[in-house]
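Open the model in your viewer and keep the sequence panel beside it. We will go from stop to stop, selecting as we go.

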Amino acid sequence: MKTTLMRMSKAALQLSLVASCLCFAASSASGATQTKPMSQDEKMAWFREAKFGLFIHWGLYAVPAGTWKDQQIAGIGEWIMNRAKIPVKEYEQLAGQFNPVKFNAEKWVQMAEDAGMKYIVITSKHHDGFAMYGSKASQYNIVDATPFKRDPLKELAAACAKHNIRFGFYYSQAQDWHEPGGAGNTWDFPPDAEKDKNGAYDQYLRNKAEPQVKELLTGYGPVCLIWFDTPRMMNKERGQRFIDIVHTLQPACLIDGRLGTEGDYRSMGDNAIPNQVVHEDWEVPATLNKTWGYKSYDNDWKTPEELTFKLVDIVSKGGNYLLNVGPTAEGLIPQPSQDNLRAVGRWLKVNGEAIYGAGSTPFGEELGAPDPTTRKDKKGNQAFNAKTDWRCTTKPGKLYIHLFKWPSGSFELPSIKGKVTKAYLLADPQKQTLGVKQNGQTWSITLPKTPSDKTDSVLVLDVTAG
Ligand code: JFZ
């Protein structure tokens with residue numbers, strides 16, 4: 001070791017010290033040591049604690065904002081190139097108009113923090129193929145192709161590090177409508193099946209997608225996860241190449257459930273909250289209105305009450321909520337998005353103990369039940385009659401009963417094996433004990449007349465193991 005050190009030039013030595021510090025920083029952030037590989041539980045620990053993340057869909061599609069040549073284009077905003085079948089040469093012109101001078105990484109991250117969100121996932125490249133960071137692998141990127149010239153992902157990475165919020169990237173690995181070999185663009189280029197067979201798709205993967213994922217994993221500090229999506233033509237071997245890149249460069253980085261081959265957790269369908277508890281790691285990506293990328297005329301906002309219910313509902317079923325904003329081409333997060341998220345954050349400030357790191361419900365009857373008839377839901381599955389009066393989240397020795405409908409007089413707890421030793425409202429700074437009556441294995445908790453929160457009053461029950 002000594003001789004090797006001596007043989008190294010001063011510059012090389014400095015470089016290697018920097019490299020080892022970076023490596024240590026990256027792994028210590030997630031609790032691993034360099035010698036012992038992380039267990040899956042260690043790797044998932046932050047995700048299981050976090051529960052609530054901010055998704056950001058931001059790209060050139062924010063410029064047309066849902067309207068192309070005076071026509072409002074139906075569907076989600078970031079799909080406008082595809083829905084309006086805009087030729088690559090025309091869509092590329094948007095880059096020259098993209099100058100989000102009001103973008104302020106600090107403000108975005110502060111908003112996520114105010115909302116009580118613990119991680120941020122931003123589109124580094126969506127299906128339109130435009131990289132929202134300074135990429136060496138493709139000139140079609142925000143630094144080289146827009147008047148803005150800045151790398152917002154660098155600025156966000158720094159702000160996240162400062163605020164102790166984890167940072168990850170959405171990356172569209174398969175669909176790339178800008179490249180002849182990428183999947184999805186059949187209006188400028190041949191059908192996908194042809195690209196698959198003639199090698200164009202693999203060429204795109206090797207020359208653009210794989211190098212770009214490497215860039216994202218080397219230039220932006222610790223990356224908490226990569227959110228791959230729509231795995232068209234992603235077979236096991238192609239998926240494995242991405243897995244190898246992630247594992248080699250940042251072993252602690254999680255892979256979502258849409259790579260096309262197994263990831264670290266399950267990604268549910270968009271806005272699709274399961275009816276029952278799911279006993280594995282999972283996440284629901286969801287919108288605040290009806291679009292991911294900004295659309296100027298989509299004002300169909302979910303209310304703070306709905307968002308709080310969905311967050312609690314998801315946590316009570318064992319999952320994470322990744323909730324999206326679509327910033328404008330000026331670089332601003334729409335005000336209703338900010339207001340509604342901050343309202344959820346105010347509830348979390350008081351009630352976060354019942355969310356962060358909390359586990360799923362031990363009950364289930366409060367979630368609802370399958371419809372007894374043969375009625376089908378919109379997706380053709382057996383209809384489910386959801387109930388919304390209350391939900392339950394848990395921690396060792398604690399049941400958190402989320403009361404969305406305040407019962408008059410008392411709350412009746414379904415059968416449990418253990419004993420309730422104390423009951424109080426989470427919003428009560430004095431933790432004043434509420435009356436508890438046992439009737440066999442069920443329990444009745446006496447409640448005050450008025451709820452402690454107009455949306456979700458959390459009743460805490462200290463319980464002994466049965
Ligand atoms: C995708 C993207 O195409 C879309 O633009 C957005 O980024 C969203 C988060 O993900 O679309 C999907 C992918 C999967 C499902 C639905 C929409 N799904 O499994 O239900």
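A residue counts as buried when its relative accessible area is under 20%. Tryptophan 292 has a relative accessible area of 6%, so it is buried. Keep in mind that this is a predicted model.

**Stop 1: a ring pair**

Phenylalanine 55 belongs to strand 1 (residues 52–56), while tryptophan 292 is in the loop between strand 9 (282–286) and helix 13 (304–316), so the pair ties together parts 237 residues apart in sequence.

**Stop 2**

Now select phenylalanine 103 and phenylalanine 148. Their ring centres are 6.5 Å apart and their planes are at 85°, so this pair is edge-to-face. Phenylalanine 103 sits in the loop between helix 6 (94–97) and helix 7 (105–114). Phenylalanine 148 sits in the loop between helix 8 (142–145) and helix 9 (152–163), 45 residues apart from phenylalanine 103. Are these two residues buried or exposed? Both are buried.

**Stop 3: charges over rings**

Select lysine 118 and tyrosine 356. The charged end of lysine 118 sits over the tyrosine 356 ring, 4.5 Å from its centre.

**Stop 4**

Switch to a cartoon view. Find the open sheet of eight strands, with parallel pairing and the order 7-6-5-4-1-10-9-8. Which strands stand at the edges? They are strand 7 (254–255) and strand 8 (266–267); each has a single partner strand, so one side of each is left without a neighbour in the sheet.

Go back to strand 1. Four bridges join strand 1 to strand 4 (residues 119–125), and the two run parallel. Phenylalanine 55 has valine 121 as its bridge partner in strand 4. Five bridges join strand 1 to strand 10, again running parallel. There, leucine 54 has leucine 323 as its bridge partner.

Select strand 10 (residues 320–325). Six of its six residues are buried, so strand 10 is largely enclosed by the rest of the structure. Asn320, Leu322 and Asn324 lie on one side, and Tyr321, Leu323 and Val325 on the other. Strand 9 runs parallel to strand 10, joined by four bridges. Valine 284 stands opposite tyrosine 321.

**Stop 4: the cores**

In soluble globular proteins, nonpolar side chains tend to be buried together. The largest nonpolar core here has 98 residues. Leu54, Tyr91, Ile120, Leu156, Leu323 and Leu341 touch the most other members. Helix 11 gives the most to this core, with seven residues. Show helix 11 (residues 200–218): it lies across strand 4, strand 5 (166–171) and strand 6 (225–228), at about 170° to strand 5.

Zoom in on leucine 156. Beyond its neighbours within four places in sequence, leucine 156 is in contact with Phe103, Ala105, Trp108, Val109, Ile122 and Phe167.

Technical notes. Residues numbered from 1 in each chain as written. Predicted model: local features only at pLDDT ≥ 70, side-chain atom pairs only at ≥ 80, totals over all residues. Heavy atoms only, no water. Buried < 20%, exposed > 50% of the residue type's maximum accessible area, 1.4 Å probe, protein only. Phe/Tyr/Trp six-rings, centres within 6.5 Å; stacked < 30°, edge-to-face > 60°. Lys NZ or Arg CZ within 6 Å of the ring centre and 35° of its normal. Pairing = 2+ DSSP bridges. Contact = heavy atoms within 4.5 Å. Axes fitted to C-alpha atoms, helices over the stretch in contact; angles between N-to-C directions. Core = buried A, V, L, I, M, F, W, Y, C linked by side-chain atoms within 4.5 Å.
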